[in-house]
Amino acid sequence: MSTAGVAELVIPQHLLPQDGRFGSGPSKVPAAAQRALAETRLLGTSHRQEPVRDLVRRIRRGVAELLALPSGYEVALGNGGATLFWDLASLCLIRERSQHLVFGEFSSKFASAVRAAPFLLEPELVPAEPGSHPEPRASSQVDAYCLTQNETSTGVAMAIRRPSPDPEQLVLVDATSAAGGLAAAPEQFDAYYFAPQKCFAAEGGLWVAALSPAAIARAQQLEGSGRWVPASLSLTLALENSRLDQTYNTPAIATLILLLHQIEAVLSSGGLAWAEQRSRRSSEIVYDWAEQRPWAQPFVSDPAMRSPVVATIDLDPSVPAARVSAVLRANGVIDTDSYRKLGRNQLRLGLFPAVDPEDAGQLTHAIDWVVGELTK
Ligand SMILES: *Cc1c(COP(=O)(O)O)cnc(C)c1O
């Protein structure tokens, strides 16, 4: 093992990616989006006036177009990110009991939020070991199934399918790191929610949800039933404001601008299929590379469960991943660290559609060089 200090290891320029941001959220914001933000005249202007409402309108229409939402589905948005949406869903979408597929940090956090809600029954948990995903189980005991399309903490993705045809059983999908990079058919979900700092290459702080007529009806019914729902957590209030192309309270306009930039970039490049293809190309480069190295392997053993947007790569114990990440960071290739609570000797790489597949290739060259130096 080399004793060279992190700062002494200078990765040759020709092995480096053009853009070294590989975070899994917040994630790379493309240079063109940053320029749009620098040039806009909307920062510091009222979100109740037409110019900002026009942004919100284009975001709502753009999300509906990207997801090919059928008529009757609506796009709502509000402040607080995906974490707030879990609390909102506990109040406005789950009637009594929900089922949760639990296979990593984010899916378990929603389950914990629901378990703590005094007005709900103990949720059904369907767990799987990190690195895989469970399958939902049709259950007559639940009124909502809670799925996570891409478990960002472990790099596991799953297809979204309604576990039961019963229209009284809603399907709520945490698509925070999937929406904008992985396809999902609207017939298969009732609430498809996300925050924009992952595939949508924007800042955090916002939640966006595509809602089916059944989800909207559920919120109206629960909020009208006497359950106490604070205004900031009310889905019907958020929807009323969204219909006016506003948010209930003041949004970060920079986040809206960056989100719209990515939506329009994807729409003008070929839509969701194009975005997914781009991430698939990046992640195939990374998974193929890891399989060819004796000191690396994809953490997710079943190729069908491997996420196209967040690749997790285990390293041999002789190659400390934390040191590899530290050297990469010192050379401007950042946020390749594994999810802190997973506790594995691992690299986790955000390969969202904003990442250039060529940069994914360069990243593997840079890692090869660092590992070669560290194991000299
Ligand atoms: C990042 C993430 C969240 C949390 O998003 P916030 O906007 O920080 O609340 C929730 N779920 C998934 C799957 C995520 O990747």
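This is a predicted model: local features need pLDDT of at least 70, side-chain atom pairs count only at pLDDT 80 or more; totals for chains, interfaces and linings use all residues.
## Around the ligand

Residues are numbered from 1 along each chain as its sequence is written, and side-chain values use heavy atoms, with hydrogens and water left out.

## Polar contacts and burial

Here are some polar contacts (pairs of N or O atoms within 3.5 Å). Oxygen atoms of the ligand lie 2.4 Å from a polar side-chain atom of T152 and 2.5 Å from one of T83. For K198, a side-chain N or O atom is 2.6 Å from a ligand oxygen. The protein buries 87% of the 390 Å² that the ligand exposes when taken alone (Shrake-Rupley method, 1.4 Å probe).

## The largest pocket

Now to the largest pocket, which holds about 270 Å³ of space. A pocket here is an open set of points on a 1 Å grid over the protein atoms alone, where a 1.4 Å probe fits, with protein on both sides within 12 Å along at least five of seven lines; lining residues have an atom within 4 Å of a point. Among its 16 lining residues, A157, R280, A304, R306 and P308 are the closest to the centre.

Helix 8 (residues 271-292) supplies the largest share of this lining, with five residues. The lining comprises nine nonpolar, three polar and four charged residues.

Terms used
Grid points are joined across faces, edges and corners, and a volume is the space filled by probe spheres set on the points. Helices (H or I, at least four residues) and strands (E, at least two) are DSSP runs, numbered from the N terminus. Ala, Val, Leu, Ile, Met, Phe, Trp, Tyr, Cys and Pro count as nonpolar, Asp, Glu, Lys and Arg as charged, and the others, Gly among them, as polar. A polar contact is a pair of N or O atoms within 3.5 Å; within protein, one must be able to donate a hydrogen and the other to accept it, and residues adjacent in sequence count only if both atoms are side-chain atoms.
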